[in-house]
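Please walk me through this structure in the viewer, stop by stop. Tell me what to select next and what is there.

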Amino acid sequence: MRASTAGWIFAGPALIVLGIFFGIPVVSALLLSLTDFDLYALSDMSNLRFVALGNYLELLQTPLFWKSLGNTAYFVVVGVPLSIAVSLGAALLLNAKAARLKGLFRTALFAPVVTTLVAVAVIWRYLFHTSYGLVNWALGHIGIAPVDWLGDPTWAMPTIILFAVWKNFGYNMVIFIAGLAAIPEDLYEAARIDGASRWKQFVHVTLPMLGPVLLVVAVITVSGYFQLFAEPYVMTRGDPLQSTVSVLYFMYEEGFMWWNLGRASAVAFLLFLIILGVTTLLLRFGRRRELV
Amino acid sequence: MRTGGLLLSLLVLAACMPRDERTVVRFWAMGREAEVVSELVREFERENPDIRVEIQQIPWTSAHEKLLTAFAADALPDICQLGNTWVPEFAVLGALEPLQSRVDASEVIDESDYFPGIWHTNVIDDTLLGVPWYVDTRLIFYRKDILAAAGVDRLPRTWQEWEAAMAAVKAHVGPDRYAVMLPLNEFEQLLSFGLQQDDPLLRDDGSRGNFSSPGFSRALAFYTNMFEQGWAPRMSETQISNVWDEFGRGFFSFYVSGPWNIREFRNRMPAELQDQWGTAPLPGPDGPGAGIAGGTSLVMFRDSPNKDASWKLMEFLSRPEIQQRFHAMIGNLPPRRSTWEFPQLRADPYAQAFRDQLERVEPTPQVLEWERIVQEMRLMSERVVRGGMAQQQALRELDARVDTLLEKRRWVREREVEADSAIAPSGRPQSSADQGAVDAR
Amino acid sequence: MSRVAIHREVGATRWSAWAVNGALVALAVVALAPLLWMLSVSFMPMGEASGFPPPLLPSAITFDNYQELFARAGMGRYFANSLMISAAITVGALLVNTMAGYAFAKLRFRGRDRLFQFLLAALVIPAQVAMLPLFLMMKGMGLVNSFGAVIIPALATVFGIFLVRQYARSIPDELLEAARIDGAGEMRIFFQIVLPMLKPVLVTLTIFTFMAAWNDFMWPLIVLTDQTNYTLPVALAALSREHIQDVEMMMAGAVVTVIPVLLLFLALQRYYIQGLLLGSVKG
């Protein structure tokens with residue numbers, strides 16, 4: 001049938017590009033992860049050995065891998081709720097009837113999302129400079145001693161979390177605004193008539209109605225935050241004391257600094273499995289709560 | 001008339017079209033060196049009007065990645081500045097052009113004029129693969145006034161004397177200040193002590209760790225003792241706000257650091273302290289000790305299409321007078337003794353200690369995995385100093401870890417030996433004995 | 001914007017208005033402050049931003065940093081590279097993704113829905129997994145360090161296909177059937193009937209694709225080895241390591257990198273937001 005072949009012709013280019021430049025590399029990555037491809041192999045392919053799950057087992061015994069996993073988990077566990085809370089808060093503010101100039105505010109709050117990450121990471125690095133950054137100067141005015149934001153192992157990851165939240169809250173905010181707008185006004189009316197306070201309305205009307213949206217946002221944000229890379233790369237290079245080495249940063253170092261492509265591919269796959277696992281759990285949780 | 005005009009305009013066009021038939025030498029340099037060398041290169045181009053040099057500047061922080069990526073992509077330049085600890089890596093990759101025959105034929109480059117330890121960093125498996133460009137090592141910067149006030153009248157030349165000096169300084173400055181600064185995020189200090197020992201850092205032809213040897217154990221003990229005695233603070237560099245300010249404040253009186261700090265101290269020390277600091281060679285177990293043979297080399301890549309032109313550039317940059325001008329511009333120390341004879345360097349009191357130290361520098365083991373090994377060494381030392389781990393246990397664990405890192409090297413070597421013994425020699429270079437700290441001083 | 005809420009006290013209304021708008025202003029300041037600071041510093045004379053206390057406004061507006069950036073650091077070239085690459089990707093991806101999205105929405109072919117679900121599942125795979133082998137593949141093709149290496153893999157994205165499909169589903173089948181009965185070929189139907197109907201989502205896709213291409217960092221970092229081929233984000237990251245002291249010049253670089261997409265967003269934000277919602281909240 002004409003329509004059927006047309007279908008393949010129209011979808012063809014996209015499928016070819018995806019197949020060749022995404023599908024094949026992904027499968028190759030899986031195969032690479034089963035070898036010990038490194039500099040020796042790069043110079044002479046006969047130095048390549050098949051090690052099956054050797055890379056994976058070795059990784060699970062590598063302290064830096066676990067540290068990177070811990071750092072990334074820290075980033076996700078603190079960053080995701082914070083990001084969602086700020087986005088939701090901003091959405092609630094913009095959705096409030098008392099809000100003025102909504103369009104203008106929405107644009108302003110969304111602006112960080114579209115900016116180039118590398119550029120704003122560079123800006124952030126200067127703003128948070130220990131000696132002449134604006135942040136420490138402002139804190140000094142309220143009596144707080146200068147904090148070594150990016151040099152102190154305790155503060156480096158929180159600074160990155162703060163940065164990620166600032167950069168991305170606009171994205172989820174827009175989704176929440178749409179979700180909030182979809183909540184029927186009568187539900188609020190009914191609650192008000194029953195004497196519910198603003199807070200009770202929020203907990204018993206808004207949150208439940210936002211359930212599905214919250215789930216989508218959570219899944220997107222969690223899966224995105226697990227892929228933390230550019231921020232450590234530009235702002236800290238994993239320092240201080242490897243407290244900002246994320247799993248992908250670790251993979252980048254293994255793959256492009258040391259050229260252990262076998263191990264690096266194994267790291268990438270492990271990360272994929274972790275993200276898959278966590279998002280599956282989230283979706284299952286959502287299903288149980290009948291959010292999906 | 002029309003055809004004449006057409007012909008004329010074509011000729012004019014042909015004459016005006018820029019034709020660059022000069023050979024292009026692509027040169028990758030890192031950091032400040034790239035900025036500075038471009039000025040020197042103008043002169044080279046004037047001397048060699050048929051050669052044009054294209055310099056690409058690469059930040060140090062991503063140089064290693066860029067070079068390896070370029071190798072993987074067959075996109076390496078003609079010549080490049082290469083940290084000499086990276087030379088073994090690129091040697092294994094087979095990326096570097098052997099230079100011995102060129103050096104032998106050269107009138108500019110005289111092997112005997114170079115500091116031997118530095119020269120040897122470029123000799124991998126008996127093949128010369130690079131020419132030293134500038135050198136780097138670590139030695140002591142110290143506060144003359146504090147030492148004098150503490151009663152230290154002679155600069156220490158042995159470990160024992162140094163320990164006595166540090167004790168005296170510590171007693172003098174009190175509990176809130178220290179005698180020596182050994183940042184825990186740096187490995188060079190412990191590595192220097194390790195290179196001062198007779199035992200090599202790796203054994204069995206660089207295929208197994210040798211950190212549990214008596215030699216390195218002594219080095220670790222000496223290093224750790226400085227913290228235990230309270231002479232050195234358990235800090236990394238990021239925990240001090242500004243190392244130059246602190247040196248000026250007398251927070252510490254001995255600092256093991258490199259040549260760039262000559263310039264920095266000159267620029268940053270307050271006027272009244274300008275003649276109160278100095279440099280001195282590293283003390284060793286029984287006398288002036290060895291140091292790290294650091295620095296960078298100029299290397300030529302095997303796949304370069306312009307080897308002769310590149311070699312001319314390498315010779316140019318190796319001329320003593322050019323090296324001296326390079327030093328004047330950027331402060332990097334030259335690798336040739338004759339360059340040190342120039343008045344500016346001879347008269348520089350701070351540089352003289354480096355001149356002395358450079359006669360006793362030792363290369364680090366020339367294995368591809370060295371970068372990782374030295375990082376593991378540093379982590380181990382931090383565990384001992386900060387974490388309180390027992391030294392012997394830490395050293396054994398380090399050796400186990402290093403053995404794992406070197407496993408592939410052992411396997412590749414075994415295969416080479418098998419291949420070479422099975423058939424006629426394939427021409428692949430055999431490994432030579434590990435170079436670290438074996439030669440008599 | 002009418003105040004319809006029924007409150008017991010007028011005071012409460014005014015207070016809540018102040019609270020809400022005050023909070024919004026505060027949030028907007030937090031969101032915009034770094035960007036405004038970036039703009040301000042880019043016009044400061046060299047060395048001023050590292051002073052203490054840190055200045056908020058330039059003492060004298062100077063264009064030196066921009067001059068330095070374009071003359072010495074070669075920003076003009078990086079800008080051109082970014083522009084060329086982003087434009088090429090946008091045009092190409094627009095065609096490829098739209099055709100595919102339409103096909104998945106309206107054209108019947110064997111295994112269509114199964115295939116689409118498979119593609120959706122692929123969204124979970126982080127792009128970085130593919131980067132290492134893709135690099136080796138590019139090396140094999142001789143494409144490393146070329147614009148092609150950046151452009152070609154970006155020509156098709158699952159997100160783009162998904163977006164177009166979502167929107168294309170609303171095209172009435174009868175319209176297409178009628179055209180087919182009239183004897184029009186599939187290509188003609190696509191270009192003359194479908195594309196005009198897809199205009200809003202095409203604008204959205206253009207913005208998304210251009211922005212993503214412009215802001216892309218990791219892959220160009222890996223595959224563009226020669227400095228002359230760098231795109232803006234990669235060049236900025238490299239510059240920031242070299243010129244860590246030159247705050248003013250770095251900020252000028254940041255401005256040059258950020259302004260184009262910011263302006264694009266401001267001009268077409270309606271479409272951008274629409275597309276975001278279309279793609280994220282299952283319709």
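**Stop 1: chain C against chain A.** This is a predicted model. Show chains A and C together. Their contact draws 76 residues from chain C and 73 residues from chain A. On the chain C side, several helices supply at least two residues each, among them helix 1 (10-42), helix 3 (75-106), helix 5 (128-141) and helix 10 (199-215). Now select helix 13 (247-280) of chain C. Helix 13 gives the most to this side, with 15 residues. Colour the side of chain C that touches chain A by residue class: 60 residues are nonpolar, 11 are polar and five are charged.

**Stop 2: helix 7 of chain C.** Stay in chain C and select residues 158-168. This is helix 7, and it is mostly covered, with nine of its 11 residues buried. The buried residues include C:Ile161, C:Phe162, C:Leu163 and C:Val164. C:Arg165 is also buried, as is C:Tyr167.

**Stop 3: strand 11 of chain B.** Move to chain B and select residues 254-257. Both faces of this strand are covered. B:Phe254 and B:Val256 lie on one side, B:Tyr255 and B:Ser257 on the other, and all four are buried.

**Stop 4: the largest nonpolar core.** This core has 299 residues. Select A:Ile123, B:Val180 and B:Val299, the residues with the most contacts inside it. Then centre on B:Val299. Leaving aside residues up to four places away in sequence, B:Val299 touches B:Ile79, B:Cys80, B:Leu82, B:Val87, B:Phe90, B:Leu96, B:Leu129 and B:Gly130.

Stop 5: Most residues other than glycine have a negative phi. Which value does phi take at B:Asp125? Phi there is near 50°, a positive value. Find B:Asp125 in the loop between strand 4 (123-124) and strand 5 (127-128) of chain B. B:Asp125 counts as partly exposed because it has 14 C-beta neighbours inside 10 Å.

Finish at B:Asp205, where phi is also positive, at about 60°. B:Asp205 sits in the loop between strand 9 (202-203) and strand 10 (208-209) of chain B. With 16 C-beta neighbours inside 10 Å, B:Asp205 counts as partly exposed.

Definitions and conventions
Residues are numbered from 1 along each chain as its sequence is written. Chains are lettered from A and ligands numbered from 1 in the order in which they are written. This is a predicted model: local features need pLDDT of at least 70, side-chain atom pairs count only at pLDDT 80 or more; totals for chains, interfaces and linings use all residues. Two residues are in contact if their C-beta atoms, placed from the backbone, lie within 7 Å. Ala, Val, Leu, Ile, Met, Phe, Trp, Tyr, Cys and Pro count as nonpolar, Asp, Glu, Lys and Arg as charged, and the others, Gly among them, as polar. A residue is buried if 20 or more other C-beta atoms lie within 10 Å of its own, exposed if 12 or fewer, and partly exposed in between; C-beta atoms are placed from the backbone. A nonpolar core is a set of buried Ala, Val, Leu, Ile, Met, Phe, Trp, Tyr and Cys residues joined through C-beta atoms within 7 Å.
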